[in-house]
Amino acid sequence: METAMLSVSEALRLARATSRSSVLILLVLSAAFDTVKHQIFLSTLSSLGITGMVLHLVESYLSDRSFKVSWRGGISETQQLTTGVPQGSVLGPLLFSIYTTSLGQVIESHGLSYHCYDTHLHLSYHPDDPPVSARISACLSDISVWMKEHHLKLAKSELLIIPACPSINHNLTVQLSSLTLMPTRMVRNLGVILDDDLIFTVHISATAVSCSFILYNIKKIRPNITEQATQLLVQALVISKLDYCNSLLYGLPARSIKPLQMIQIAAAFLVFSQRKRMSYSSSPSTGFL
């Protein structure tokens with residue numbers, strides 16, 4: 001996920017550096033893994049040259065799966081599953097990627113770049129290029145057709161425009177089926193908040209606030225747990241948030257990432273503060289009793 005986000009953000013930055021504007025469109029699928037049609041998926045494998053025993057093994061892996069619903073003490077009848085790939089499995093993401101292989105061909109036929117998951121398209125263009133809106137709408141129209149053919153459904157779509165320079169104001173709208181996508185100032189993609197200035201101010205602020213809340217709760221129980229337990233909690237709940245997609249912040253001014261540095265300092269102090277207080281109290285010469 002971080003690699004995909006880094007690739008997209010770098011492409012957007014390079015476009016701006018060459019005086020080109022960019023459009024980023026996020027297409028979020030609804031229950032994507034659950035709606036994979038087995039018959040279509042097996043046909044896709046065959047078209048990719050996967051046949052014989054390998055195809056039979058995949059078919060066996062997907063077939064004869066069933067489900068039933070428990071509600072208020074009652075259990076429904078068993079129903080056979082003809083769609084979906086098992087979530088949480090090692091093969092799940094791979095099978096879904098194979099299922100959506102032909103979607104990439106649809107997008108590339110219109111000259112747009114893309115990444116999965118979730119599907120996001122981006123196109124860089126010169127600000128005076130008039131047909132860009134119609135070009136994107138045509139691409140989205142073909143994507144809608146592809147989605148219907150493959151029994152997939154869009155949960156939401158968002159449009160972000162990154163202008164070549166702040167003074168340029170693009171009045172760009174894109175048509176998606178019966179919906180008209182209007183530009184927004186920021187979008188959330190794979191847990192990262194992208195803004196149209198590519199400075200990640202809102203993302204940094206949101207991360208800092210979330211981490212501060214977690215540190216506050218750990219601080220309340222700090223006197224009752226060991227330093228090792230505190231360190232494990234901070235590592236799992238705070239540092240993991242700071243590490244997530246932090247390569248996107250490379251090259252930002254020090255003042256921009258200062259809130260995250262303050263979180264690191266607060267986390268270190270919280271972990272080692274008990275030891276520091278014990279050191280002070282056990283040494284009369286320090287003057288702290």
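Biologist: How many cavities of 30 Å³ or more does a search of the whole structure find?

Modeller: A cavity is a set of points, on a 1 Å grid over the protein atoms alone, where a 1.4 Å probe fits but cannot get out. Searching this whole structure turns up 1 cavity of 30 Å³ or more. This is a predicted model, where local features need pLDDT of at least 70 and side-chain atom pairs count only at pLDDT 80 or more, while totals for chains, interfaces and linings use all residues. Residues are numbered from 1 along each chain as its sequence is written, and side-chain values use heavy atoms, leaving out hydrogens and water.

Biologist: Which residues line the largest cavity?

Modeller: Lining residues have an atom within 4 Å of a point. Here they are His203, Ile204, Thr207, Lys241, Leu242, Tyr244, Leu249 and Leu260. Two elements give two or more residues each, α7 (201–221) and α8 (227–243), and α7 gives the most, with 3 residues. Helices are DSSP runs (H or I, at least four residues), numbered from the N terminus.

Biologist: Okay, and how do I read two packed helices?

Modeller: You describe them by the angle between their axes and the distance between the axes. Axes are lines fitted to C-alpha atoms, over the stretch in contact, and angles run from 0 to 180 degrees between N-to-C directions. Take α2 (residues 38–47) and α4 (residues 91–99): their angle is about 75°, with the axes 9 Å apart. That makes α2 and α4 roughly perpendicular (65 to 115 degrees).

Biologist: Which residues in α2 meet α4?

Modeller: With contact meaning heavy atoms within 4.5 Å, Ile40, Phe41, Thr44 and Leu45 in α2 meet Leu95, Ile98 and Tyr99 in α4.

Terms used: 1 Å grid on protein atoms, 1.4 Å probe; cavity = no way out; pocket = protein on both sides within 12 Å on 5 of 7 lines; lining within 4 Å. Points joined across faces, edges and corners; volume = space filled by probe spheres on them. Parallel < 35°, antiparallel > 145°, perpendicular 65-115°, else oblique.
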